[in-house]
Amino acid sequence: MSDLLSLSGLRTQFDTKRGAVKAVDGVDLTVEEGETVGLVGESGSGKSVTALSAMDLVDDPGDVVAGRVSLRSAALATDLAAEFDDAVVPYPFELVDAVRELVADLRSGQGGDLAGPELRGIATDLAAHDDPSDLAPALQTAADRLDDGTAQSVIADDLEDTLEDADNGFVYVDGAAREQLESGVDADEIAVEDGVIDLTDAPEEAMRKVRGSEMGMIFQDPMTSLNPAVTVGEQVAESLRLHQYGERKRDTWLNAVREILPSIRENEHDEEVMEDVVEILTEVGIPEATTRLEEYPHEFSGGMRQRVLIAIALACRPSLLIADEPTTALDVTIQAQILDLIDDLQEEFGMSVLMITHDLGVVAETCDRVAVMYAGEIVEEGPVEEIFSDPSHPYTYTLLESIPTEEKDRLTPIEGNVPDLIDMPDGCHFADRCPWAQPECREGEIPFRQHGPDDVDHRAKCLFNSFDKDEYGNDGVASATDHEIGEPLVELRKMRKYYQQEDGILDRFIDEQPSVKAVDGVSFDIHEGETLGLVGESGCGKSTAGRAILHLNRPTDGTVVFAGDNLGDLSKSELRERRKDMQMVFQDPMSSLDPRMTVGKTIMEPLKIHGLPETDPDVVTRADVSTAGISPDAVSVDVADNVDALLGSTDGETVVPVTVTVADGDVTVDVEGALGVTTDVTRDNGRITSVHVDISAGDSKRILRRRRVMQLLEEVGLDAGQYGRYPHELSGGQRQRVGIARALAVDPDFIVADEPVSALDVSVQAQIINLLEDLQDEFGLTYLFIAHDLSVVRHISDRVAVMYLGEIVEVADTDELFAEPKHPYTNALLSAIPEPDPLTATDDRTILKGDVPSPIDPPSGCHFRTRCPSIIPPEDLDIQQERYREVMFYRQRVEARDIDLEAAKERTPEETPSPRAVTDGGNDFAAALDAQFFDGPLSGRAREAVDESYRHLADGDWEAAEAALADTFESVCERTDPTLADGAHPAACHLFNPSE
């Protein structure tokens, strides 16, 4: 199989005041036709810049300074050769590429004794081709000079200049096509069998033809990637007009105005374009595409916006799709939908995919081959099964070890951060973080080594063929779940939080709108010392519930009892005092920290607000002294009364461990905590005879607070030197540690952690999870841990509560919930978790269809019934479960009036393959609807009721169609609200709690 995309020696740099940032530093990567290649690594490793460089989309001050990017496409080569003068290079691509590889080897000093013979061999091959730039003699001369001892780097420079003169075009075609061109045949009359485009030499006008037509890209955040002022249909149509219908116009102000104002736009192909737009939107799973063309991005859910981006990328049927973190911002259920969609479209269109992600579970499930990137370099590459079963670079191995799994009691994070890419040290870029690094790892260029079987291309950029994996992760692996759990600390009973819809104050009196039921009657307990995980999709009310519990947003109804106090009964001042015991760690550390405040001021702020730290005059303070090199009788220690403000007290006493060491005439005093130490040493003829130590928390409130902040920095694993830094000077993990330190500052008992690791890389995520567990063990904290990553929840939580559309649908101990989930929604969530194992079967995965309904008007009965794969049919109706689910989806569309009846009437029988033949009693309209909504045949009463609804729809009578369906198919799930019963593992589902 031939390479579709090839990156060779690619280097991209960004010029800054501090120097050149080497974001991509010598990357070699290929993507074969029909293949999916994963590009993984931590944030800042260069993944996205690599993709942007391949498409020539790097903005200033960035620049591709070296290397080549080539794309194989015979059709595109034909078009470009006909459109651009002198575009075709008069040499075979393979020959020029071979010379470039030799130049790279010579420049790195690895040409050896084989470079000369290889150059002569290429010169001999050129004898059979036209050689207008006299490349063959130049290669022969270079080989002779190598034999004479000329430096390899000098030969490399000369050969590179020769190549620049020889390949002054950017399109390579096969020999037959090249001969026709040389004989004077016009380029547009030539049939190119094999063509390669050198994207690094292609002019911008040519690159515009490449992007969209042959290379499509899905960007990470659909909300920022889509234009909020342009309809979805028009944004998809733009790519079609440019690449399929030849409507590219010159860049002028007049044409820009025409694009902005559709009323004066002159498009002769509007009808054809919109037909294609409807087709591609339908293919990516957007229902009733015809009726949604005029909607704007904000009217789509997150999953649907991502589908629109996929539609834009695939509109012109590109041969290569670059997916840059396509599921990072999505819930696990929507992620499963999108990955399944990309897989189906790849199979349908036969395209290749470059999947950029930091989620190793996504890579394991979707990719054929994996390239692991670190600090601008690819450090390991190979088949996905090989990489996951036998990682051969320490970075790959430590990344995999950072993933939360069922077997791990404690995660092993990668210490440190991705290095500064401006002034990279020699040798392996990972050496400073590598547990197995040796002195030779920091010297010279690190070569690639082959690993695994001889017939497998698995290479790693490491000096060692193997490393002792048993040495890694053995420190502090005690189970994090062995902590004592006490009585309920937080008790919720029927807590509700509704938001009124109103644009202005008059709306409250003029036109009352229905409330947004963000949290709708939630009841559960959180026990002292436990971690309760709260999971669910975005929009289900998790974060709102967390804020309502803390009364940051007061609940609309219900009660929240904390440590025996009903928070709703407390006055403003009493609630403020209570907040010292309840704190929150927010989801996005960058937006939750004030960019104008240093780390020290940020952590000190709650201390000032609550007048902390405080000292208790009734607490007795003393020192627990140990000595070395001096008699204990010669050491005296005075402890100030205020040290309990930093160290706390036990049974009315604060004990300060103090170690006094005398060695070589010097005295060293070690004290626990950020306490102030003053030492008075007495000497007799140079010999130390006595030592007196004074220990204090500080003489002023300012000093006391500063020392408390220093103590907190140490507790969350930050250096004292970061006290004066600003948020933008910290990494994502460091910023989250600052948020945790701020929450700990007031010594709380209970912390709501709202998605504290969702924005972090897997290695940094492991650090934060371990930190939260350590702090819980040390301070006896209680957590409400809100997340949508169930693998993280499984690792850290004692119990899990599952939330859907404002309601709790299931609660259980973590192990029991994952082993035996009851509620169909919980089953779907667990089924959608990507497994970091490429051998895991995913055929039985439950892919939920549709989005979470609006909390303004939630479905009657069970809120999950509109998406539930196990919805209960009427007892007297004989119908398969799969068909009943399809019927209920069809009912929902009828009730919402969300079916394009005119489009269904216009479809021909050939366009609508139906489970039921028209000759068996159907008609074209019925067959079209059958094909749209049903994957299998209906029979009996179900068939009759659906056919009756079709007849009503054909007459435009929506209400009659709705009634016909309701009479036959109404479920207990829509008539009655399921209840969450008491017990160790309740589930709000009629399958387990029959109410009729």
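## Ground rules

This is a predicted model, so local features need pLDDT of at least 70 and side-chain atom pairs count only at pLDDT 80 or more, while totals for chains, interfaces and linings use all residues. Residues are numbered from 1 along each chain as its sequence is written, and side-chain values use heavy atoms, with hydrogens and water left out.

Helices (H or I, at least four residues) and strands (E, at least two) are DSSP runs, numbered from the N terminus. Two strands count as paired if DSSP finds at least two bridges between them.

## Hairpin and sheet

Let's begin with β1 (residues 3–16) and β2 (residues 19–32), an antiparallel pair joined by eleven bridges. Two residues separate these strands, and together they make a hairpin. Thr-12 faces Val-24 of β2 across the pairing.

β22 (residues 653–663) runs antiparallel to β23, and six bridges connect the two. In that pair, Val-658 stands opposite Val-671.

## The nonpolar cores

A nonpolar core here is a set of buried Ala, Val, Leu, Ile, Met, Phe, Trp, Tyr and Cys residues joined through side-chain atoms within 4.5 Å. Buried means under 20% relative accessible area, exposed means over 50%, and partly exposed is in between (1.4 Å probe, protein chains only).

The largest nonpolar core has 91 residues, and those touching the most other members are Ile-603, Ile-740, Phe-785, Tyr-890, Val-946, Leu-953 and Phe-969. Helix α27 (residues 762–779) supplies the largest share of this core, with seven residues. As for Leu-953, if you leave aside its neighbours within four places in sequence, its contacts (heavy atoms within 4.5 Å) are Tyr-890, Val-894, Leu-901, Phe-925, Leu-929, Trp-958 and Ala-961. Another core, of 71 residues, lies apart from it and includes Leu-240, Leu-309, Leu-314 and Ile-342.

## A mostly covered helix

Helix α20 (residues 542–549) is mostly covered, with six of its eight residues buried. The buried ones are Lys-542, Thr-544, Ala-545, Gly-546, Ala-548 and Ile-549. Just past α20, His-551 adopts a positive phi of about 60°.

Most residues other than glycine have a negative phi, and most peptide bonds are trans. Now for some exceptions. Asp-60 and Pro-61 are joined by a cis peptide bond, with omega about 10°, and Pro-61 is in the loop between α1 (47–54) and β4 (62–72). The Leu-612 to Pro-613 bond is cis too, with omega near -5°; Pro-613 is in the loop between α23 (599–609) and β20.

Back to Asp-651: it isn't a glycine, yet its phi is positive, about 55°. Asp-651 is exposed, at 81% relative accessible area. Leu-805 also has a positive phi without being a glycine, in this case about 50°. Leu-805 lies in the loop between β28 (799–804) and β29 (807–813), and Leu-805 is buried, with a relative accessible area of 3%.
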